[in-house]
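Q: Please take me through this structure one feature at a time. I would like the general idea first and then the case at hand.

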Amino acid sequence: MNLPKIMTVAIRFVLILLSCSMASGCGNAGRKDRNVPEGIVIYVGTYGENLYRYIFDVSDRSFIPLGQAAVKNPSYLALGEENYKDGIYDLYAVSENGTSSAVFSFADDIGMTETGSVSLTGTDPCFLFFDRPSSTLITAEYGSGSISVFAVNDDGSVGEKTDSLWFHGSGPVAARQESSHIHQVAFLSDDSASGRFLLATDLGADRIRVMKVTGPAAGEYGDNGKGLGLTYLPELDVECGAGSGPRHMAIDVQRRRLYCITEISGELLVFRWAFGEDGLPVFSLADRILADEAHGEGSADIHLHPSGKFLYTSHRLKKDGISVFSVSDDGTVVKTGYCRTGKHPRNFAITPDGKMMLVACRDDMAVEVYDIDGLTGELSPSGQKLKFDKDMPSCVRVAE
């Protein structure tokens, strides 16, 4: 008998019952049956004092509150995995708070219980990734231009720091590229022959940094068999163009494409990639497409549609909205549309069925819901949104 699984089912049932009791005050009038919420669990990170959990009802695109946790500026979230000890999924958040920044872990239980915290981050971590193969957390730290790696304990809580890399560089836009600014990390592949490589966008130095995973961490934090070790390979840096400011990436393993949205120049960069005879990745620029035609210099996020047929990028500061691209089987990318959104669409998420997009519009203090056309990928506003009174939504994560 799998007790953790049974516990998980029981806990989720209690959460649903709790959500029903809370729904009467959440402003979701018009639900046909509040006793049978159907939907998916989403998490919202903010610039503010709390992170939040909701059931997103796919039938009427409404949100039912499922609790919140107090933390300063939880601007980006990462979902862990179901913990074998308690059968509860784990949730992680950065606290983007200057030199007082930290990483927090929470149990996804009724009270969203805090299970741990570590303050040994660089300055202003703005992205967080949970790596299942190594059971580690990796932060991208904008202010200090660094990456930190943290072990995850057996109970799912964030553990000790196991590795750290600091980068140095600059770009021609003096006000924004005076030093390295790491904004996101992503694994290129889990290739059995070539190993694993971690990519990091350096907005300040106009390049994507490439690191090879070299096994358990070693160095100033000790070789304790935990986490993962990273070796920076500067000769493999992917140049993105002077003054471009690479920010976020999406990786298409099937087509061997790396897509990168540049914050300052507002371009979609399409790179081909392959592994050479030496086992190292080789990148070549396949296309450079203007995504932000308003030249707002505030492009933010990028995601592939679950079908792989469409690609989306978000843009801020001028004509805020989402650019829509079609992706052909041969990897050709064409811009096909643009959808205006609320103010400052910093981050967005696509539902697993590919039918809806949830956009965190920070300055409008709302998460907006858009419908996705399955044939064209075009977006249309549903008219539904989740409003906040004080906290400004900056990240939306959908339960796996």
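Q: Which residues is Arg316 in contact with, leaving aside its neighbours within four places in sequence?
A: Contact means heavy atoms within 4.5 Å. With those neighbours left aside, Arg316 is in contact with Arg247, Glu263, Gly296, Gly298, Ser299, Ala300, His344, Pro345 and Arg346. This is a predicted model, in which local features need pLDDT of at least 70 and side-chain atom pairs count only at pLDDT 80 or more, while totals for chains, interfaces and linings use all residues. Residues are numbered from 1 along each chain as its sequence is written, and side-chain values use heavy atoms, with hydrogens and water left out.

Q: Where does Arg316 lie, and with which side chain does its side chain make a polar contact?
A: Helices (H or I, at least four residues) and strands (E, at least two) are DSSP runs, numbered from the N terminus. Arg316 lies in the loop between β22 (310-315) and β23 (321-327). A polar contact is a pair of N or O atoms within 3.5 Å; within protein, one must be able to donate a hydrogen and the other to accept it, and residues adjacent in sequence count only if both atoms are side-chain atoms. The side chain of Arg316 makes such a contact with the side chain of His344, at 3.0 Å.

Q: Why does Arg316 count as buried?
A: Buried means under 20% relative accessible area, exposed over 50%, and partly exposed in between (1.4 Å probe, protein chains only). Arg316 counts as buried because its relative accessibility is 4%. Lys319 is in the loop between β22 and β23 too, but Lys319 counts as partly exposed, at 46% relative accessibility. Phi of Lys319 is near 45°, a positive value in a residue other than glycine.

Q: Where is Ser135 placed, and what is its phi near?
A: Ser135 is in the loop between β8 and β9 (136-141). Its phi is near 50°, a positive value in a residue other than glycine. Ser135 is partly exposed, with a relative accessible area of 25%.

Q: What volume does the largest pocket have?
A: Rolling a probe the size of a water molecule over the atoms shows where empty space is left. On a 1 Å grid over the protein atoms alone, a cavity is a set of points where a 1.4 Å probe fits but cannot get out, and a pocket is an open set with protein on both sides within 12 Å along at least five of seven lines; lining residues have an atom within 4 Å of a point. Grid points are joined across faces, edges and corners, and a volume is the space filled by probe spheres set on the points. The largest pocket has a volume of about 1,000 Å³. It is lined by 35 residues, of which Tyr76, Phe129, His303, Arg397 and Glu400 are the closest to its centre.

Q: Which element gives the most to the lining of the largest pocket?
A: That is β8, with five residues. For classes, Ala, Val, Leu, Ile, Met, Phe, Trp, Tyr, Cys and Pro count as nonpolar, Asp, Glu, Lys and Arg as charged, and the others, Gly among them, as polar. The lining of this pocket divides into 24 nonpolar, five polar and six charged residues.

Q: How many cavities of 30 Å³ or more does the count come to?
A: The count comes to one. About 70 Å³ of space lies in the largest cavity. Its lining residues are Ser75, Tyr76, Cys126, His183, Arg247, His248, Asp301, Arg346, Asn347 and Ser394. Two or more of the lining residues come from each of β17 and β25. By class, two are nonpolar, five polar and three charged.

Q: Which residues have the most contacts inside the largest nonpolar core?
A: A nonpolar core is a set of buried Ala, Val, Leu, Ile, Met, Phe, Trp, Tyr and Cys residues joined through side-chain atoms within 4.5 Å. The largest has 41 residues, and Leu51 and Leu137 have the most contacts inside it. Another core lies apart from it, with 18 residues, among them Ala186, Leu199, Met249 and Leu269.

Q: How many helices and strands does the chain have?
A: The chain has one helix and 29 strands. Of its 400 residues, 57% are buried.
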